[in-house]
Amino acid sequence: MKPTSYRHALLPFALLALGLATAFGVRAALVPDTFGDRGWYRAAAVDDQAALAASYAPPTACAECHDDKAALHAKDAHERVPCQTCHGPGAEHVATNEVKLPKPAAASDCLACHQRLLARPGPFPQIDRRDHFKLVGVKDESTPCTTCHDPHEPLFLDRDRRQARLHPLIQRCRDCHLGRTDETLVKPADHPAIFECQYCHGEIVADFKQRPHQRVPCTTCHLFTKESDFAGRIVRDADPRFCLLCHRAGAFRSVDAPPSIEWPSHRDDVSTGPQDANKRCVDCHQDRIHLRRADLGAAHGG
Amino acid sequence: MAGDHHTKLSRREALALLAAGPGLLLLRSGPLRAAGASGPADADPDWSSRNWGYAIDPAKCIGCGACVRACRAENHVPVGRFRTWVERYHVLRSGEVHVDVAPGPNHVFTADVGVPREEIVKAFFVPKLCNHCERSVCSQVCPVGATYTSPDGVVLVDSKHCIGCGYCVQACPYGTRFINPETHVADKCTLCYHRIRHGLQPACVQACPTGARLFGDLNDPHGMLTTVLSQRRYRVLKPEMGTHPKCFYLGLDREVV
């Protein structure tokens, strides 16, 4: 028996068409534009991300106006500290001079890097504020670091740090031991701590230990910074302002130690003529520190 | 752009319209969208050929937190959340390992951990951030395709598309993701994507005063990063997770996880 009509057979097809249309409709509405162009994500999102505004100006931007500060900064110990690490994000300041950047000068700002901590790498300069003040005779606990240290020129290096002398890191036996190794040092456990100044500069260190600065570590004046696994840079600092970091007279400083100097009146008082106008502390007081290599009669070994 | 003549709809509007019937299909149908739609002018024309990577030298890290503060300022990271942070490790004579992060919004360590000095064998800092894994778990678990790896190898979040479900936050083995309490979507390190596309360094790399953080193109055979990685010993975090991180730690101590 044949059916009289096939209309009922159209119903499943109509339902299928409706279902497909709904499915495609839902998908088209929910899947955002550019989705799937580059992968299973919205390709335009990459450009959205790239179009965000930067808060930090390019590192070269600061020196374009502040070239004087930049030149000062580039030659001293903070040479590698980017401007905006202390002064904060500067893109707005570069765009409009209306926005001024902070000049952080609180002790806590300096101590973020320089607070003595066990976890901080040994060669990095770090202090305990109480010990530091005791060493340099500062009475007032609230004295800010910037009283003595200029953040752009913290150590008053008397020569450009980038041209400082390269000094090897002592790593191989033969760097010190020419020929046969000393009997007592055959066992590595008996070996003294590696890389102490007196192992190579024994004569100078022995002389230094007889003189008033004996408690000052060598690296306080001979600033050493590790440059690679094999070498560092070492500077001898003899700028009068460097000596005055410890010796400058000030109301916040104790009178006993270290001896307080009025500067530059001290230089003017002992001056014998215009040739003394640029005299440095070490030109008269070298005997307070240690004798020079030439005075000791030793040839420079390296 | 080919899709510009399309009616723009939010998902909410789209669902409302759907209730009215499948006629919407007509609105949304159109020619195939051109692949690789052009974005804003790039300072770096070869950007899509890059494969950005990152290296950290923990021996140089002084734990000052400058990177964390720079990241916060650059990316408007809410207080209490971190896109990058610095962990401090103290390894004790007993073999116990103490890990802590600096307290306070400025992320500054002010004192040693409260353990007698003679008990401590070694102590060091380890900066952490998103590892921008080659096989990123977070992208795999995202149900809507809101987390993805950009053509230049940076794992990013599409904040307009993210539904804030938090699967990726749980999936990341390195704990580098969080739900932003202001936008309520997933948030993480982008390697300062808006900076690197314009030839700048990420804010944390630029702010680091000791050069402990290095950033570069792994596809550049003579680049700084490839050179460092060919000369130095390094390892990645949790290699057993199979994520193939692109954040390399130079000479990292074995205690670090």
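Chain B averages a pLDDT of 86, and 84% of its residues score at least 70. For the model I noted ipTM 0.81 and pTM 0.81.

**Ground rules.** This is a predicted model, where local features need pLDDT of at least 70 and side-chain atom pairs count only at pLDDT 80 or more, while totals for chains, interfaces and linings use all residues. Residues are numbered from 1 along each chain as its sequence is written, chains are lettered from A and ligands numbered from 1 in the order in which they are written, and side-chain values use heavy atoms, leaving out hydrogens and water.

**B:Asp152.** I found B:Asp152 in the loop between strands E5 (147-149) and E6 (155-157) of chain B; helices (H or I, at least four residues) and strands (E, at least two) are DSSP runs, numbered from the N terminus. Does B:Asp152 sit buried or exposed? B:Asp152 is buried, which means under 20% relative accessible area, against over 50% for exposed and in between for partly exposed (1.4 Å probe, protein chains only). For charge, Lys and Arg count as positive and Asp and Glu as negative; His and the chain ends are not counted. Among the residues that B:Asp152 touches are B:Trp47, B:Trp52, B:Tyr193 and B:Arg197.

**B:Arg197 and its partner.** I then followed B:Arg197, which forms a salt bridge with A:Asp47, with the closest N and O atoms 3.3 Å apart. B:Arg197 lies in the loop between H6 and H7 of chain B and A:Asp47 in helix H2 (residues 44-50) of chain A, so the pair joins two chains. B:Arg197 is buried at a relative accessible area of 1%, and A:Asp47 is buried at 10%.

**Other salt bridges.** The count over all chains comes to 20. In one of them, A:Lys75 meets A:Glu153 at 3.4 Å, N to O. This pair links distant parts of the chain, 78 residues apart. A:Lys75 is partly exposed at 21% relative accessibility, whereas A:Glu153 is buried at 4%. I also saw A:Lys75 and A:Glu153 in a network of salt bridges with A:Asp76, A:Asp239 and A:Arg241.

**Helix H3 of chain B.** Eight of the ten residues of H3 (residues 66-75) are buried, so this helix is largely enclosed by the rest of the structure. The cover over its buried residues includes helix H5 (83-87) of chain A, together with strand E2 (84-92) and helix H6 (193-196) of chain B. Just after H3, B:His76 takes a positive phi of about 55°.

**Cysteines.** How many disulfides are there over all chains? My search found zero; the cut-off is a pair of cysteine sulfur atoms within 2.5 Å. The sulfur of B:Cys172 is 6.3 Å from the closest cysteine sulfur, in B:Cys138, too far for a bond. A:Cys246 has its closest cysteine sulfur in A:Cys221, 7.9 Å away and likewise too far for a bond.

Definitions and conventions. A salt bridge is a side-chain nitrogen of Lys or Arg within 4 Å of a carboxyl oxygen of Asp or Glu. Contact means heavy atoms within 4.5 Å. pLDDT is the predictor's confidence in each residue, from 0 to 100. Lists of a residue's contacts leave out its neighbours within four places in sequence.
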